[in-house]
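Reader: I am new to this structure and would like to know what stands behind the terms used for it. Please show it, and then I will ask.

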Amino acid sequence: PKDFANPIPDLGWAYVERSLIPIKPTGNLVSGFGINKTSNLSTSLLPQFEGGTLTVDQANTTIGEDFTLDGSTTNAIDANGNNSTFTGIFSDSSSTVSGNLIFRDSSSPSNPDQAKRTTLTGISTYRGSTTIESGNLLLNGGSFSKVSKVTVKPGARLGILSGTNAESGSTVVGGTGSRSHVDINGTLTINGDLDIDQGSRI
């Protein structure tokens, strides 16, 4: 993409080429220079995860890009206190890589009932792990791949909405601390083991 730059002395306004960059840790809002925001997608940010955290910085927004995931264990989407809907597909960056993805809400209250929602409507194909670390992740027609191991951390929630036929690999719900919630109003087919810790709820 090209953008107008500041006027160059004696030349007036000029076009400059601006390169898009992938979602890397160096662009994170907290520990980097702050470019990893959903509002920057397709203008300065590529929908390619390479270890960074993509922060949702607009309320009630819909993100239509398809994303690729590398093998980093730090690829993440942070709801940041905002509701959002991702309509695209999350896939591995190559046939030799199993991508991983974390969903979190850095502003999430201790009660998941009060947390904002990240909604997926696409059928994702990445083969690595899916971790719901905090906040609410909803599948509304969307799904993980049938081999992706899903972990719902204490205090987090996974919701399968009515009419959704979702799949996952082995699934772990809960752990030490607050209870986890999995609310299934549609269908979730687990292709592997189901491990539910005491105090968690399905």
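Reader: How many cavities of 30 Å³ or more does the count come to?

Author: This is a predicted model, in which local features need pLDDT of at least 70, side-chain atom pairs count only at pLDDT 80 or more, and totals for chains, interfaces and linings use all residues. Residues are numbered from 1 along each chain as its sequence is written, and side-chain values use heavy atoms, with hydrogens and water left out. The count comes to one cavity of 30 Å³ or more. A cavity is a set of points, on a 1 Å grid over the protein atoms alone, where a 1.4 Å probe fits but cannot get out. The points are joined across faces, edges and corners, and the volume is the space filled by probe spheres set on them. The largest cavity has a volume of about 40 Å³.

Reader: Which residues line the largest cavity?

Author: Lining residues have an atom within 4 Å of a point. Those of the largest cavity are Ala79, Phe103, Arg104, Asp105, Lys116, Thr118, Ser134, Gly135, Asn136 and Leu137. Strand S11 (101–104) and strand S14 (136–139) are the elements that give two or more residues to this lining. Strands here are DSSP runs of E with at least two residues, numbered from the N terminus.

Reader: What classes of residue make up the lining of the largest cavity?

Author: The lining has three nonpolar, four polar and three charged residues. Ala, Val, Leu, Ile, Met, Phe, Trp, Tyr, Cys and Pro count as nonpolar, Asp, Glu, Lys and Arg as charged, and the others, Gly among them, as polar.

Reader: Why are S3 and S10 said to stand at the edges?

Author: Two strands pair if DSSP finds at least two bridges between them. Four strands form an open sheet in the order S3-S4-S7-S10, with parallel pairing. S3 and strand S10 (90–92) each have a single partner strand, so one side of each is left without a neighbour in the sheet. The twist averages 40 degrees from one strand to the next; the axes are lines fitted to C-alpha atoms, and angles run from 0 to 180 degrees between N-to-C directions.

Reader: How do you know that S3 and S4 are joined, and how many bridges are there?

Author: Strand S3 (residues 21–23) and S4 are joined by two bridges, and at least two are needed for a pair. Ile21 has Leu45 as its bridge partner in S4. Two bridges also join S4 to strand S7 (residues 67–69), where Gln48 has Thr68 as its partner. S7 and S10 pair over three bridges, and the partner of Leu69 in S10 is Asp92.

Reader: What makes Asn80 partly exposed?

Author: Asn80 has a relative accessible area of 31%, which also falls between those two limits. Asn80 is found in the loop between strand S8 (76–78) and strand S9 (84–86), and its phi is near 55 degrees.

Terms used:
Buried < 20%, exposed > 50% of the residue type's maximum accessible area, 1.4 Å probe, protein only. 1 Å grid on protein atoms, 1.4 Å probe; cavity = no way out; pocket = protein on both sides within 12 Å on 5 of 7 lines; lining within 4 Å.
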